[in-house]
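Trainee: I have a model open and I want to learn to read it. Can we go through some features together?

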Amino acid sequence: MELDLSSAIHYHDGCFPPPSLDYKRIMPALLGANAALARYDQLLTAMHSNELFLAPLRGQEAVVSSRMEGTISTMDEIMQLEAEHEESPDTASALRSEVVETALYQRALNTARQQVADGRALSPSLIRSMHQQLLSFGRGASKSPGMFKTEQNYIGEYGRRSVRFVPIAPEHLAGGLDTLFDLVNDNNMPILLRTALAHAEFEALHPFQDGNGRVGRMLVTLMLWTGGAISAPHFYISRYFEDHKADYLGALREVSASNAWDAWCVFFLTAVKSQAIHNIETAETIRARYEEMKQRFTDLLASKHAVTALDYLFTRPVFYNSHFTQKAGIPKPTATRFTRILLQERLLETVRKPAGRQSAIYRFEPLMELVRV
């Protein structure tokens, strides 16, 4: 059966970058996004240990970004997989393949961040390496990981033959990527506007056979960081895009349909502002829960190691008991006593009971109930 292209929008040849933008229209959204992002960045900098907030935030981003592409997993599963990897990196997980695929999102972004920190530029080569790691397992492994498309791809509704958008043709992709990354690295344009334009263009190019949405959202984080909008690469936008998916896809489509770059920029900047505010509220909620638990742990555990244990559970809310007792910076007999008390008080829930030489896996429910998505 042939594809139905009758209502498809085609890639906007020759229209990127846009020759001009309506700054009068865009400026209020730009100022609002800048202010909210600055408040979020200041909050992270001021937290005594921002990893208490960032560990669950990274898990949320991996779950939501992958879910937008049809890969369904949960925060509990992702945290369990990370615990398994920390306990024994070479052991294959018994969790569903979708969970491993989602975890690869985190690892691909972490690898890219480290490479950029080591001096690697944002470039076609970098996104190919990100893509290769992202699709190294599961359904994506058969979709040419790390390779740009060589055949025309299409965007349509899943399971239907009707095409909604036709990305750039493969023979023009190299030139399109060169133009895109010229803008990505153009410091003369405000970083938030540059990121907005680059994200829309990346999705319109759709350079890979699969995984374009996830790589495109990783690029947002990397651009905001390298462009100085955030001091560390810890801002993720997938939650807003998923919550407003129809508007998101519609705004992207209108860029090619009617050259609606201004409207897209306003949408993207609104997304940044809203996500930054949401992150601030989430961080404040987590911090309040931390302070509540700090007092409770101090009273329950009656030990100078109580806060050390709490910090461990906030950064690893699903964990192997053996790892906690051996590597949390607490004497093993003390850690064993802590586990027993916290289980009795129902602050820890059992994910998997110990079996033979296999340690138990526990979940710190007071945090997990705040961060599930």
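Trainee: Which residues lie nearest the centre of the second largest pocket?

Mentor: First, keep in mind that this model is predicted. Now the general idea. Rolling a probe the size of a water molecule over the atoms shows where empty space is left. Here, 15 residues line the second largest pocket. Nearest its centre are Arg58, Glu82, Glu86, Gln106 and Thr315. The volume of this pocket is about 400 Å³.

Trainee: Which elements give two or more residues to its lining?

Mentor: Helix 2, helix 3 and helix 4 (97–117) do. Helix 3 gives the most, with five residues.

Trainee: How many of the lining residues are nonpolar, polar and charged?

Mentor: Five are nonpolar, four are polar and six are charged.

Trainee: Now salt bridges. How many does the structure hold?

Mentor: Look for a side-chain nitrogen of Lys or Arg within 4 Å of a carboxyl oxygen of Asp or Glu. The structure holds 13 such salt bridges. Take Arg217 and Glu69, whose side chains meet at 2.7 Å, N to O. This pair links distant parts of the chain, 148 residues apart. Arg217 sits in helix 8 (residues 212–226). Glu69 sits in the loop between helix 2 (51–67) and helix 3 (75–87).

Trainee: Are these two partners buried or exposed?

Mentor: Check the relative accessible area. Under 20% means buried, and over 50% means exposed. Arg217 is at 2%, so this residue counts as buried. Glu69 is at 38%, so that residue is partly exposed.

Trainee: Which residues do shared partners join into one network here?

Mentor: To find a network, follow the partners from bridge to bridge. In this case, salt bridges with shared partners join Asp76, Arg363, Glu365 and Arg372.

Terms used:
Residues are numbered from 1 along each chain as its sequence is written. This is a predicted model: local features need pLDDT of at least 70, side-chain atom pairs count only at pLDDT 80 or more; totals for chains, interfaces and linings use all residues. Side-chain values use heavy atoms; hydrogens and water are left out. Helices (H or I, at least four residues) and strands (E, at least two) are DSSP runs, numbered from the N terminus. Buried means under 20% relative accessible area, exposed over 50%, partly exposed in between (1.4 Å probe, protein chains only). On a 1 Å grid over the protein atoms alone, a cavity is a set of points where a 1.4 Å probe fits but cannot get out, and a pocket is an open set with protein on both sides within 12 Å along at least five of seven lines; lining residues have an atom within 4 Å of a point. Grid points are joined across faces, edges and corners, and a volume is the space filled by probe spheres set on the points. Ala, Val, Leu, Ile, Met, Phe, Trp, Tyr, Cys and Pro count as nonpolar, Asp, Glu, Lys and Arg as charged, and the others, Gly among them, as polar.
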